[in-house]
Amino acid sequence: AGWLQLSRRLPSALARAVQAFQPAMLGMFAVAAPAWLIVPAYATPPALAGLPPTAKALHLHYRALELVGIESQTRVEPGDEFAVTFYWRLTQPTTDEYIVFPRLLDGKLTPVAGTNGYPGWGNWPVNLWKPGVIYADRYVLPVARDALRPSLGRVIVAVEVNRRPQTILAEDGNPFEPTWPLAEVALAPD
């Protein structure tokens with residue numbers, strides 16, 4: 001219907017051009033769509049030579065995976081989106097499967113934003129990473145509308161290796177408290 005009905009109201013030469021043009025446009029869209037829509041959604045996490053100067057250095061260890069640093073918003077309103085970037089580095093080659101659990105907790109340590117998944121949204125498995133290279137892993141998470149405010153929230157991240165929770169180790173090898181704030185975030189008042 002649509003274009004065909006419209007082309008019947010046009011002069012015959014123009015109608016034929018419209019009828020020929022429509023399949024060509026649909027064909028071009030079908031060819032371009034994967035590169036334009038799908039490829040960006042599956043892009044690998046960016047590899048960096050070093051930690052950006054705006055990031056907070058951390059150096060926390062989850063077996064072969066090191067959380068080198070974090071960068072996040074410092075203020076967010078409930079109901080808005082919260083952006084956080086974790087900077088990961090593989091310390092040695094691995095065949096292990098890593099799952100990360102980034103969370104934003106409010107002042108009562110209630111999770112108000114978070115997700116579960118593979119680093120880099122699963123687009124570049126850790127076992128393909130080059131040891132020593134820093135990878136940026138960005139998340140944009142919706143914040144619950146009922147988050148406690150005003151309060152000082154905290155960003156945390158838990159990690160599972162091969163479906164088993166991991167103890168976080170500080171740079172000195174001692175266990176690191178999993179609810180200790182990696183970054184603090186003000187949950188703004190109304």
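How many bridges join strand β2 and strand β3, and in which sense do they pair? Five bridges, in the antiparallel sense, with β2 covering residues 56–62 and β3 covering residues 65–72.

Okay, some ground rules before we go on. This is a predicted model, where local features need pLDDT of at least 70 and side-chain atom pairs count only at pLDDT 80 or more, while totals for chains, interfaces and linings use all residues. Residues are numbered from 1 along each chain as its sequence is written, and side-chain values use heavy atoms, with hydrogens and water left out.

Two terms for you. Strands are DSSP runs of E, at least two residues long, numbered from the N terminus. Two of them pair if DSSP finds at least two bridges between them.

Now zoom out. These two strands belong to an open sheet of five, in the order β1-β8-β5-β3-β2, with antiparallel pairing. At the edges we find β1 (47–48) and β2, each pairing on one side only.

Is leucine 48 buried or partly exposed? It counts as partly exposed, because its relative accessibility is 26% (buried means under 20% relative accessible area, exposed over 50%, partly exposed in between, with a 1.4 Å probe and protein chains only). Leucine 48 touches Tyr87, Val133, Ile134 and Ala136, leaving out residues up to four places away in sequence; contact here means heavy atoms within 4.5 Å.

Next, the core. A nonpolar core is a set of buried Ala, Val, Leu, Ile, Met, Phe, Trp, Tyr and Cys residues joined through side-chain atoms within 4.5 Å. The largest one has 35 residues, and Phe86, Trp88 and Leu104 touch the most other members. Several strands each supply at least two residues, among them β2, β3, β6 (98–105) and β9 (151–161). The largest share, five residues, comes from β5. As a general point, nonpolar side chains tend to be buried together in soluble globular proteins.

Last stop, the rings. Rings of Phe, Tyr and Trp (its six-membered ring) pair if their centres lie within 6.5 Å; planes under 30 degrees apart count as stacked, over 60 as edge-to-face and the rest as tilted. The structure holds four aromatic pairs. One of them joins tyrosine 62 and tryptophan 88, edge-to-face, at 5.8 Å centre to centre and 65° between the planes. That pair links distant parts of the chain, 26 residues apart: tyrosine 62 is in β2 and tryptophan 88 in β5. Tryptophan 88 also pairs with phenylalanine 86, this time tilted, at 6.1 Å and 35°.

To finish, ring pairs link Tyr62, Phe86, Trp88 and Tyr139 into a cluster.

Conventions:
Helices (H or I, at least four residues) and strands (E, at least two) are DSSP runs, numbered from the N terminus.
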